[in-house]
Amino acid sequence: MAAMKPGDVIIFEAGDSWLSKAIAKLTDSNVSHAAMRYTGGRMVEMKSGGIRVNGCYETLRGEKAYLLRLSPEKDPTPLIAAADQYIREKTIYDFPDLVFFAGLLIYRGIRPTRPWQNVADMVINAACAVLDRALNRIIHYGSKAPFMVCSQLVYQCYLDCGAEYEIRLQDALLQSAVLERISIADLAHDLPQSERLFHQDPAFKIHMDIESMAHALCDAADSTDPADPIKTKRLGETDLHGTVSYAKRFMELLERIVEQSEIDLPLPALFVAPSDLLSHAVNLKQYDTAVLSRRKG
């Protein structure tokens with residue numbers, strides 16, 4: 001393995017969890033987590049619960065990772081300083097997996113089927129409830145915790161260092177090359193105000209945990225049985241009207257949160273996925289792969 005340097009981007013292959021598999025499936029990739037090389041043989045990453053600095057070392061039985069570096073290379077000092085700022089602030093994981101999952105369902109190209117729609121409706125509704133609570137915290141308590149998932153932390157550290165460091169993503173960001181897919185976000189943008197159907201039940205509860213929902217999504221995406229046309233038939237725009245309405249509500253809530261939190265990013269940029277950094281960043285070059293393990297501290 002070539003020696004890693006501070007500031008290098010580390011992209012991990014999808015693990016055994018259903019959420020990890022769902023992220024990979026929704027992004028047409030085999031990866032689901034991102035981190036950045038820190039100092040002293042460590043990496044900085046966003047995990048459930050908050051930002052973490054963990055030891056990172058090569059091993060025989062770890063996780064396969066792709067190692068990327070800015071091209072042309074830059075002094076990593078500003079990147080470490082950017083990461084230090086988030087570490088000092090003890091940045092929390094205030095952009096939970098559920099919201100990221102919903103965002104991928106909305107912004108990524110999807111071949112919609114009835115099973116997919118059932119999962120999407122549940123995930124997006126649940127995510128709207130989470131966003132509604134987050135917006136209330138911001139309005140009433142002044143909370144402005146940044147929204148970050150693993151890949152967003154990496155993307156943001158580079159963005160904080162200025163134009164010379166910004167990770168440039170080509171037009172393929174948030175798009176899919178797979179045929180017969182549509183973007184729920186595009187349909188939501190075109191939904192007239194008078195046609196919105198969204199009615200959020202204040203008592204709405206998540207009836208499945210996120211792993212179960214991710215499992216259901218993977219099953220729906222893999223459903224290709226020609227003997228079951230109900231599960232495999234591609235839905236049209238009329239069939240998706242309710243789902244699109246839920247997505248519109250999600251996007252409106254998120255837009256208000258971004259404005260209140262003074263986040264200067266377009267909504268799709270909040271859903272930069274590990275696969276985007278690996279495959280669609282024109283100024284990140286893969287220089288090696290490795291099998292890595294982490295240890296705390």
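Where is the place of Asp-28? I found Asp-28 in the loop between helix 1 and strand 2. My helices (H or I, at least four residues) and strands (E, at least two) are DSSP runs, numbered from the N terminus.

**Ground rules**

I am working with a predicted model, where local features need pLDDT of at least 70, side-chain atom pairs count only at pLDDT 80 or more, and totals for chains, interfaces and linings use all residues. Residue numbers start from 1 along each chain as its sequence is written, and side-chain values use heavy atoms, with hydrogens and water left out.

**Confidence**

I checked pLDDT, the predictor's confidence in each residue, from 0 to 100. The chain averages 83, and 84% of the residues score at least 70.

Asp-28 has a positive phi of about 50°, although it is not a glycine. For exposure I use relative accessible area: buried is under 20%, exposed over 50%, partly exposed in between (1.4 Å probe, protein chains only). Asp-28 counts as partly exposed because its relative accessibility is 39%.

**The strands**

I count two strands as paired if DSSP finds at least two bridges between them.

- I looked at strand 1 with strand 2 (residues 31–37) and found an antiparallel pairing over five bridges. Ile-10 stands opposite Ala-35 in strand 2.
- Strand 1 also pairs with strand 4, again antiparallel, over four bridges. Here Phe-12 faces Ala-65 in strand 4.
- Strand 2 and strand 3 (residues 42–47) run antiparallel and are joined by two bridges. Arg-37 stands opposite Met-43 in strand 3. The two strands make a hairpin with four residues between them, and Gly-40 in the turn has a positive phi of about 60°.
- Strand 3 and strand 4 (residues 50–70) are antiparallel over six bridges. Glu-45 has Arg-52 in strand 4 as its bridge partner. This hairpin has two residues between its strands, and Gly-49 in the turn shows a positive phi of about 110°.

Why do I call strand 1 largely enclosed by the rest of the structure? Four of its five residues are buried.

Ser-48 sits in the loop between strand 3 and strand 4. I have it down as exposed because its relative accessibility is 60%. Its C-alpha is 9.2 Å from that of Cys-150, although the two are 102 residues apart along the chain.

Cys-150 is one of the buried residues in helix 5, as are Leu-153, Val-154 and Tyr-155. Nine of the eleven residues of helix 5 (residues 150–160) are buried, so the helix is largely enclosed by the rest of the structure. Just after helix 5, Gly-162 takes a positive phi of about 100°.

**The largest pocket**

I looked for pockets on a 1 Å grid over the protein atoms alone: a pocket is an open set of points where a 1.4 Å probe fits, with protein on both sides within 12 Å along at least five of seven lines, and lining residues have an atom within 4 Å of a point. The largest has a volume of about 430 Å³, a volume being the space filled by probe spheres set on the points, which are joined across faces, edges and corners. Of its 21 lining residues, the closest to the centre are Leu-19, Ser-20, Ser-32, His-33 and Lys-47.

Which element gives the most to the lining? Helix 1 does, with three residues. The elements giving two or more residues are helix 1 (18–26), strand 2, strand 3, helix 3 (97–107) and helix 7 (210–222). I sorted the lining into eight nonpolar, six polar and seven charged residues. Nonpolar here is Ala, Val, Leu, Ile, Met, Phe, Trp, Tyr, Cys and Pro; charged is Asp, Glu, Lys and Arg; the others, Gly among them, are polar.

- I found a cis peptide bond between Ser-71 and Pro-72, with omega about 0°. Pro-72 is in the loop between strand 4 and helix 2 (77–88).
- Asp-186 lies in helix 6 (residues 184–189) and is partly exposed at 45% relative accessible area. Asp-186 and Ile-106 are 80 residues apart in sequence and 8.8 Å apart in space, C-alpha to C-alpha.
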